[in-house]
Amino acid sequence: MSTPQPRLVEVRQNVLKQNDLLARELRGRFREAAVSVVSLVSSPGAGKTAFLEKMLSDLKPQYAVAALVGDLATENDAARLARSGAPVKQITTGTVCHLDATMIQTALEEWNLDELDILFIENVGNLVCPSSYDLGEDLRVVLLSVTEGEDKPLKYPTIFNTADVGIITKMDLAEVVEFDLAAAHDNIQRVRPGMKVFEVSAKTGAGMKEWRQSLLNSEFGLRIAESKTMDSLEFRNPQSEFVNS
Ligand SMILES: Nc1nc2c(ncn2[C@@H]2O[C@H](COP(=O)(O)OP(=O)(O)OP(=O)(O)O)[C@@H](O)[C@H]2O)c(=O)[nH]1
Ligand SMILES: [Mg+2]
C-alpha cells in the first residue's frame with residue numbers, strides 16, 4: 001500500500017496546477033494577440049529594473065513595449081521604468097515572494113494586448129520562489145550580477161534551470177569585485193547546459209546591443225521583427241497611472 005502524501009505537498013501541488021492552467025491560457029492569449037512576453041528573474045538588486053529601463057528606452061522608438069513589475073512593497077520600480085515613456089504597471093505582492101499567473105491576468109485587464117509588440121515582466125527579486133510559477137511568458141531571462149559571486153547558479157540551480165537565457169549584469173564592476181567570469185559561465189552551464197549567456201552593463205550600455213539584436217532577430221523563437229502597432233494612438237495613451245510620469 002502506498003503512503004499518502006502529506007497534506008502540505010497536496011495543497012502546494014494544487015496551487016501550482018491551478019497556476020499552470022491559467023499560465024497556459026495566458027500563453028494562448030499572448031499568441032493570439034501576437035505579443036512576445038519576456039520575464040526577468042534574479043536575486044534582489046541584481047539589476048532587473050536598470051536593465052529593463054535601458055531596454056524600454058532603446059526599444060520604445062520602434063516597438064510598442066510595456067512592462068509589469070512585481071515588488072513586495074513599493075512602487076519605486078514602476079516609477080523608474082515609466083521614465084521611458086512606456087506603459088508600466090506595478091504589481092504589489094505584499095508578503096508573496098513571486099508573481100503568479102493570476103496577478104498577471106489581473107494586471108493586464110485594462111490593456112489591449114493586440115496593440116503590444118513586447119511585454120516585459122519583472123518578477124519579485126528572489127532566487128527561489130519565482131522558479132515554480134509559469135507566467136505564460138515566451139522567454140524567461142535569469143540575471144546574475146557580478147557582485148553576487150559566481151557560485152549562485154550552483155546554489156540556486158532551479159531558477160537557472162527553468163530559464164531560457166542568462167544575463168551577467170554589472171559588468172562594469174567585474175574587475176573591482178574580482179568576479180571570475182569563466183567560473184560563472186562554467187557554473188551556469190553545469191546547471192543549464194547550452195543556455196546562451198550575455199554579459200552586459202546597464203550603466204555603460206556594454207553588451208546591450210548584442211542582447212537586443214538576439215532578442216529581435218528571433219534567435220529565441222520570438223516573432224518581433226516588425227512592430228505592428230506604432231500607429232496606434234490608443235496604445236500611446238493607455239490607461240496607466242505611470243505612463244509618462
Ligand atoms: N555599476 C552598476 N550598477 C548597476 C547596474 N545595474 C544596476 N545597478 C545598480 O544596482 C542596484 C540595484 O539595481 P536594480 O535595477 O534596482 O535591481 P533589481 O534587480 O531591479 O532590484 P529588485 O527589484 O529590488 O530585486 C541599483 O543601485 C542600480 O543602480 C550596472 O550595470 N552597473
Ligand atoms: Mg527592480
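A residue counts as near a molecule here if its C-beta atom, placed from the backbone, lies within 6 Å of it. With that in mind, let us start at the ligand of this predicted model. There are 17 residues around ligand 1, and those that come nearest are Gly47, Thr49, Ala50, Gly125 and Lys203.

Of its 245 residues, 41% count as buried. Contacts tell us about the fold as well: among those with a separation of 6 or more, 77% join residues 24 or more positions apart.

Most residues other than glycine have a negative phi. Lys170, however, has a positive phi, near 60°. You will find Lys170 in the loop that runs between β6 (165–169) and α7 (181–191). Is Lys170 buried or exposed? It counts as buried, because 25 C-beta neighbours lie inside 10 Å, and the cut-off for that class is 20 or more.

The other spot is Ser218, which is not a glycine either, yet has a positive phi of about 60°. Ser218 sits in the loop between α8 (208–216) and α9 (233–236). Ser218 has 12 C-beta neighbours inside 10 Å and therefore counts as exposed, since that class takes in residues with 12 or fewer.

How values were computed:
Residues numbered from 1 in each chain as written. Chains lettered and ligands numbered in written order. Predicted model: local features only at pLDDT ≥ 70, side-chain atom pairs only at ≥ 80, totals over all residues. Helix = DSSP H or I, 4+ residues; strand = E, 2+ residues; numbered from the N terminus. Contact = placed C-beta atoms within 7 Å.
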